[in-house]
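This briefing is for a reader who is new to the structure shown below. Please look over the sequence and the model before reading on.

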Amino acid sequence: MQRKEGNRKMNIFIDNGEGHIMTKRMIPILKKQNHKLYLNPQGCDVQLSFVRFGINTKLPKVVRIDGIYYNTMINWKAQNQSISNSHQIADGIIYQSYYSRMFCEALLSKRKKNAKAAVIYNGIEPYWCGKPNDHEGFNIIIIGKHRRHKRLKEIIELFLKFHKINTDSHLHIFGLLYDNKIPKHPAIFYHGNVERTEMFSYLRSSDLTLHLSKRDSCPNSVLECISAGIPVITTNNCGGATEMCKMTPGCIIIDGDGDYNDVSPVPHYNEEWNALPPNVEKNIIESMVSVYETRHKIELPEMLNIQYVTKKYLEMLNNVKN
């Protein structure tokens with residue numbers, strides 16, 4: 001179908017990203033500015049692909065790269081191959097964080113000399129779930145696909161120690177458990193995957209979240225908690241989570257959890273690699289107690305606001321198109 005020029009600004013071929021949460025968040029803003037998204041490249045001005053190029057068109061191409069593989073217990077180079085190829089041929093690359101950029105530049109094929117590169121964090125609207133509400137007790141919320149490197153085991157152990165200090169605290173766990181076991185405890189609740197509106201009610205009643213997964217590119221769960229006003233405790237070695245917390249007053253970063261600049265492949269499902277150093281564990285619990293006492297809330301910084309993020313995406317797309 002021929003697309004008319006009219007007063008439109010850009011026709012964007014969205015590749016591998018139709019159902020992505022970032023696409024859904026940007027669509028209302030793009031529509032308001034008269035940009036259009038299409039699921040095929042015909043008549044489009046530019047291609048925006050998520051993770052890798054599903055179709056290698058002749059359009060100017062931008063790839064948005066999430067995390068990459070680095071587990072030495074598998075053939076990580078082979079698993080990265082399609083991402084690496086996309087990194088090499090892209091006209092523009094959007095990295096999810098500065099750590100993600102450092103990681104990709106170290107382990108993927110080199111990008112073209114004239115390729116545009118930018119760090120653009122994931123974005124969200126402020127208070128996406130509504131404003132925090134008054135509630136009894138102290139609620140800690142944990143959201144994610146809890147593979148080993150998400151350190152759910154360590155989080156539960158931290159909570160059990162914290163709960164002995166503050167007995168009106170509760171731990172609410174959401175998402176897939178994988179191999180994790182949830183102990184039977186009256187203050188620990190596992191909810192699995194819940195409907196969006198039900199999730200909103202838990203977020204509005206939460207006081208704290210912990211994100212201890214090392215090397216995360218730009219975890220959406222951290223973004224959603226920041227938007228909800230929930231303070232985040234993380235460590236110095238959690239990649240994009242560390243960076244988002246650094247830009248958000250009221251979040252807490254615990255040092256001593258390894259080297260942020262280390263981008264070498266590691267056995268990231270290994271028990272030893274995921275263990276929390278004793279001093280880190282001690283400082284996390286002290287920080288949990290501090291948040292318990294202050295009950296403070298946080299605000300979404302501009303760089304994580306979906307309006308700002310969409311503007312930066314459009315700048316990148318225009319840069320490669322022109």
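The points below go from the overall chain to its sheets, loops, surface and salt bridges.

The model is predicted. The protein chain has eleven helices and twelve strands. Of its 322 residues, 53% count as buried.

**Overall dimensions**

- Taken along the principal axes, the C-alpha atoms of the protein chain fill a box of roughly 65 × 45 × 30 Å.

**Strand β5 and its neighbours**

- Strand β5 covers residues 92-95, and both of its faces are covered. G92 and I94 lie on one side, I93 and Y95 lie on the other, and all are buried.
- Strand β4 (residues 61-65) runs parallel to β5, and four bridges join the two. V62 has G92 in β5 as its bridge partner.
- Strand β6 (residues 116-119) also pairs with β5 in the parallel sense, over four bridges. Here the bridge partner of I94 is A118 in β6.
- Between β5 and β6 the chain passes through helix α4 (residues 98-107), and this β-α-β crossover is right-handed.

**The sheet of β10, β11 and β12**

- Three strands form an open sheet with parallel pairing, in the order β10-β11-β12.
- The edges are held by β10 (209-210) and β12 (252-254), each with a single partner strand, so one side of each has no neighbour in the sheet.
- Three bridges join β11 (residues 232-235) to β12. In one part of this pairing, T234 has I253 in β12 as its bridge partner.

**Loop residues with positive phi**

- Most residues other than glycine have a negative phi.
- N34 is not a glycine, yet its phi is positive, at about 70°. N34 is found in the loop between α1 (21-32) and β2 (36-38), and it is partly exposed, with a relative accessible area of 22%.
- R215 likewise has a positive phi, near 70°. R215 lies in the loop between β10 and α7 (220-227) and is buried, with a relative accessible area of 6%.

**A nonpolar surface patch**

- Y69, M73, I74 and Y269 make a nonpolar surface patch of about 380 Å².
- Within this group, M73 sits in the loop between β4 and α2 (76-79). M73 is exposed, with a relative accessible area of 58%.

**Salt bridges**

- The structure holds 14 salt bridges. Side chains of opposite charge can pair when their charged atoms come close.
- K150 and D216 meet in a salt bridge through their side chains, at 3.1 Å from N to O. This pair links distant parts of the chain, 66 residues apart: K150 is in the loop between β7 (138-143) and α5 (152-165), and D216 is in the loop between β10 and α7. Both K150 and D216 are buried.
- R215 forms a salt bridge with D262, with 3.3 Å between the closest N and O atoms. This pair also links distant parts of the chain, 47 residues apart, with D262 in the loop between β12 and α9 (271-274). R215 counts as buried, whereas D262 is partly exposed, with a relative accessible area of 28%.
- Salt bridges that share partners join R148, K153, E154 and E271 into one network. Among them, the side chains of E154 and R148 meet at 2.8 Å, N to O. E154 is buried at 6% relative accessibility, and R148 is buried with a relative accessible area of 14%.

How values were computed:
Residues numbered from 1 in each chain as written. Predicted model: local features only at pLDDT ≥ 70, side-chain atom pairs only at ≥ 80, totals over all residues. Heavy atoms only, no water. Buried < 20%, exposed > 50% of the residue type's maximum accessible area, 1.4 Å probe, protein only. Pairing = 2+ DSSP bridges. Right-handed = clockwise from strand over helix to strand, strands pointing away. Patch = residues over 30% accessible without salt bridge, like charges linked within 9 Å, V, L, I, M, F, W, Y side chains within 5 Å. Areas by Shrake-Rupley, 256 points an atom, 1.4 Å probe, with all protein chains shown as cover. Salt bridge = Lys/Arg side-chain N within 4 Å of Asp/Glu carboxyl O.
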